[in-house]
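Reader: I have a model open on my screen and would like to understand the terms used for it. Could you take me through them?

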Amino acid sequence: MPDYITHDHDVLIIGAGGAGLRAAIAASAAGVKVAVISKSLLGKAHTVMAEGGIAAAMGNVDDRDSWRVHFADTMRGGQYLNNWRMAELHAKEAPDCVHELEAWGAVFDRTKDGRILQRNFGGHRYPRLAHVGDRTGLEMIRTLQDHGIHLGLDVFMEHTIVTLLKDGNRIAGAFGYDRERGRFHLFRAKAVVLATGGIGRAYSITSNSWEYTGDGHSLAYHAGASLMDMEFVQFHPTGMIWPPSVRGILVTEGVRGEGGVLRNKNGERFMFKDIPPAYVNQTADSEEEGWRYTQGDKNARRPPELLTRDHVARGIRREVQEGRGSPHGGVFLDIAWIKERIPNAAEHIKKKLPSMYHQFKQLADIDITQVPMEVGPTTHYMMGGVQVDADSQMSDVPGLFAAGECAAGLHGANRLGGNSLSDLLVFGKRAGEYAAEYAKKNPQGAVNTAELASMEKWSLQPFGREGADNPYAVQHALQGMMQDLVGIVRLESEMLQALESIQQLAAKAERVGVGGHREYNSGWHTALDLHNLLTVSEIVTRAAIERKESRGAHFRDDFPNKSDEFATFNIVVKKSPGGEPQITRETIGPMRDDLKQIIQEMK
Amino acid sequence: MATATFRIFRGEKGQGRFQDYPAAVAEGMVVLDAVHQIQAEQAGDMAVRWNCKAGKCGSCSAEINGMPKLMCMTRLNTLPLDKPITVEPMHAFPHLKDLVTDVSWNYTVKQRIPKFQPRKPDAPDGSWRMAQEDVDRVQEFRKCIECFLCQDVCHVLRDHQMHDQFIGPRFLVYAAALEMHPLDTADRIPQLRQDFGIGLCNITKCCTKVCPENITITDNAIIPLKERVVDRFFDPLTRFFRMFGQKEA
């Protein structure tokens with residue numbers, strides 16, 4: 001007999017970061033009963049790590065900005081593989097979402113005339129990121145959390161979902177466990193919103209925490225939903241690289257937005273050497289012009305350090321590979337140099353980038369107001385995810401929605417910095433609204449108890465396996481392998497090797513064992529997360545093999561150029577009836593004429 | 001490579017003992033790195049909370065050599081490695097397992113504090129105008145990462161266990177952020193006095209000392225709130241006017 005606790009809700013939201021909380025608030029406002037599953041404590045999700053800001057074309061700093069420019073920037077950054085309808089909705093609705101946060105108590109930095117201040121960021125033509133120093137994500141999640149706790153949401157902290165449940169074709173709920181006691185829980189729901197974030201834990205150098213094991217991607221895939229753009233994994237160009245224990249921790253793009261520059265060991269501003277054709281017209285042609293841009297000169301163009309993340313990450317990698325890197329295998333990011341240009345530079349840096357100052361001072365004994373930082377690329381963000389309808393965020397499984405990082409479409413081949421926080425708000429809200437609407441129109445689906453019994457059995461298998469493999473060791477091996485073979489620069493032969501390795505590790509994952517009992521047992525949780533990590537690793541690899549070109553975040557050493565043929569479709573992966581990943585090339589629908597015209601105008 | 005000994009509290013619901021684990025020490029390591037190493041290699045079922053590993057989420061609070069700290073921000077080179085380093089859970093909250101405590105009380109306290117209630121938008125575009133200098137102080141309070149180390153070290157909670165009468169420094173900071181928010185219209189002063197126990201704080205400033213975000217909890221948040229309470233309830237002039245039906249200050 002399966003042993004579990006049953007909960008009944010209209011809408012179940014899996015994930016309590018920005019997207020999940022925004023969805024919960026929206027669903028609750030629509031008058032349905034909402035549950036939120038949080039893998040960690042409330043308010044600790046990866047959204048707190050977002051530093052730079054929320055991209056929204058409010059035009060508070062430069063009134064030439066508008067949703068049209070934001071739309072064009074987003075599409076250009078995504079190399080036109082984006083779902084253009086999502087990019088349109090996002091650009092149009094982001095400003096209202098930011099104002100809504102302010103109405104819920106968020107306190108953004110201000111302009112001189114008292115409006116929300118906006119800063120420059122990579123790939124955005126005008127200063128566009130509403131921010132709070134370099135802790136914007138914390139402000140956002142805390143605002144949503146503090147607003148949400150008064151709405152009567154049922155929040156399940158430190159709970160993890162292991163499978164979605166379906167009644168025939170449509171969603172019926174989810175099944176999981178709580179960390180504290182290790183008890184199983186059945187969440188019956190008419191609609192489910194996935195808002196589980198990314199897959200960063202599939203790589204060894206990452207800015208992501210333990211939670212980001214691709215849960216939503218894997219849950220959706222195994223429930224029969226399609227995943228799209230899974231080859232596009234964003235490596236943020238600037239992660240800390242030294243000392244070893246901090247490797248991967250994010251250094252905000254805001255450092256470059258505030259005037260920070262990248263140099264190789266010879267002191268050269270190497271980003272000037274290679275400016276992609278699509279950005280030549282928008283990029284400064286002298287250091288002087290770049291500096292003026294960061295200081296708000298509307299006639300200046302942005303410095304090449306603020307090119308898109310994919311490009312900057314590869315630029316850094318090239319310098320290191322060709323022997324011009326810093327002592328610990330990165331490059332130098334220098335904000336201290338601005339003391340040559342402005343008075344009280346040290347105070348200015350501490351005010352604009354307080355947590356960066358703090359982070360380097362405390363973790364690396366480096367005072368960033370005095371000396372350059374050493375930085376290198378770190379696994380940061382997953383562009384790919386659940387394929388959803390642009391307006392409603394529903395997947396191809398009826399009643400299953402996805403929003404934020406675990407959904408695909410908005411960012412195409414590469415996400416612009418700042419477009420993630422706005423994505424969470426715009427599409428979290430939409431997903432919550434449409435999920436509530438769906439829940440009102442559809443009855444609760446039936447749950448198959450035999451399925452629950454078998455999931456319970458599967459989940460408990462790691463206990464009591466004699467002489468078994470260590471789940472932490474399997475996770476480490478997978479991370480190292482993905483980093484080496486399916487990282488920033490990819491090669492078909494290496495990726496085929498990766499697939500073999502994934503098979504072997506999957507076999508090992510079936511044999512992992514854990515000691516102790518079910519209560520707050522990190523080893524057990526690691527063992528269960530392996531299933532998701534392996535699923536997404538395989539799909540990323542297969543999609544990356546399929547895309548035989550280089551575009552955005554996906555760079556192939558064996559196909560180093562963009563191909564016109566590959567510009568016309570997204571790669572979609574779905575679980576076949578036989579259980580194998582089935583890959584299709586899905587043609588991108590023709591863009592509406594008015595949107596096409598915007599892109600032409602902004603070229 | 002050098003090794004150090006970590007003396008970690010293992011057990012459940014307050015029952016348990018310290019157990020010694022050796023860990024290899026590398027340059028730049030923090031306590032959380034050592035705990036992870038031990039967990040991966042020697043104690044797979046050890047319970048520990050963590051998320052960002054960059055001092056931004058406030059999950060990995062613990063007591064290291066008796067001091068409330070974030071494990072992810074405590075570098076080994078700041079500790080004497082010739083002696084065992086003790087790592088134990090926070091003491092002000094019910095123990096669950098190993099390094100993990102039940103911090104749910106904090107979440108229920110927050111829910112009791114009246115939420116942000118903005119005045120009507122007054123700018124032509126339907127939003128508000130606020131000057132940076134008017135939000136600076138509130139922004140300081142909003143840096144809080146909710147690690148609850150201030151709650152852990154507060155003697156009213158830790159030693160006297162007055163969780164039902166006192167909301168603790170974290171939530172006095174939260175209340176201050178709301179009270180001093182330029183847009184907020186709610187009044188929390190009577191509750192601060194009656195329900196939230198602000199009078200129980202006798203400003204020993206232990207909370208300020210342990211705050212990993214360097215929020216000046218006592219001076220900037222608690223003392224101004226205490227002053228507001230005093231002005232409202234104990235100022236003789238105000239009381240005099242109130243007797244004649246004047247509106248409260």
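Author: Gladly! Let's begin with pairing: two strands pair if DSSP finds at least two bridges between them. Keep in mind that this is a predicted model.

Reader: What makes strand 19 and strand 20 of chain A a pair?

Author: Seven bridges join strand 19 (residues 569–575) to strand 20 of chain A, and pairing asks for at least two, so the two strands count as paired. They run antiparallel. As one example, Val573(A) has Ile583(A) in strand 20 as its bridge partner.

Reader: Why are strand 15 and strand 20 of chain A called edge strands?

Author: The open sheet has four strands in the order 15-10-19-20 (chain A), with antiparallel pairing. Strand 15 (385–386) and strand 20 (581–587) of chain A each pair on one side only, which makes them the edge strands.

Reader: Which helices lie across this part of chain A?

Author: Helix 5 lies across strands 10, 15, 19 and 20 of chain A, at about 70 degrees to strand 19. Helix 15 (residues 522–546) of chain A lies across strands 10, 19 and 20, at about 45 degrees to strand 20.

Reader: What is the volume of the largest cavity, and why is it called a cavity rather than a pocket?

Author: Its volume is about 660 Å³. The word cavity applies because a 1.4 Å probe fits there but cannot get out, whereas a pocket is open.

Reader: How many residues line the largest cavity, and of what kinds?

Author: There are 48 lining residues, with His46(A), Thr47(A), Gly197(A), Tyr212(A) and Glu405(A) nearest the centre. The lining divides into 19 nonpolar, 20 polar and nine charged residues.

Technical notes
Residues are numbered from 1 along each chain as its sequence is written. Chains are lettered from A and ligands numbered from 1 in the order in which they are written. This is a predicted model: local features need pLDDT of at least 70, side-chain atom pairs count only at pLDDT 80 or more; totals for chains, interfaces and linings use all residues. Side-chain values use heavy atoms; hydrogens and water are left out. On a 1 Å grid over the protein atoms alone, a cavity is a set of points where a 1.4 Å probe fits but cannot get out, and a pocket is an open set with protein on both sides within 12 Å along at least five of seven lines; lining residues have an atom within 4 Å of a point. Grid points are joined across faces, edges and corners, and a volume is the space filled by probe spheres set on the points. Ala, Val, Leu, Ile, Met, Phe, Trp, Tyr, Cys and Pro count as nonpolar, Asp, Glu, Lys and Arg as charged, and the others, Gly among them, as polar. Contact means heavy atoms within 4.5 Å. Axes are lines fitted to C-alpha atoms, for helices over the stretch in contact, and angles run from 0 to 180 degrees between N-to-C directions.
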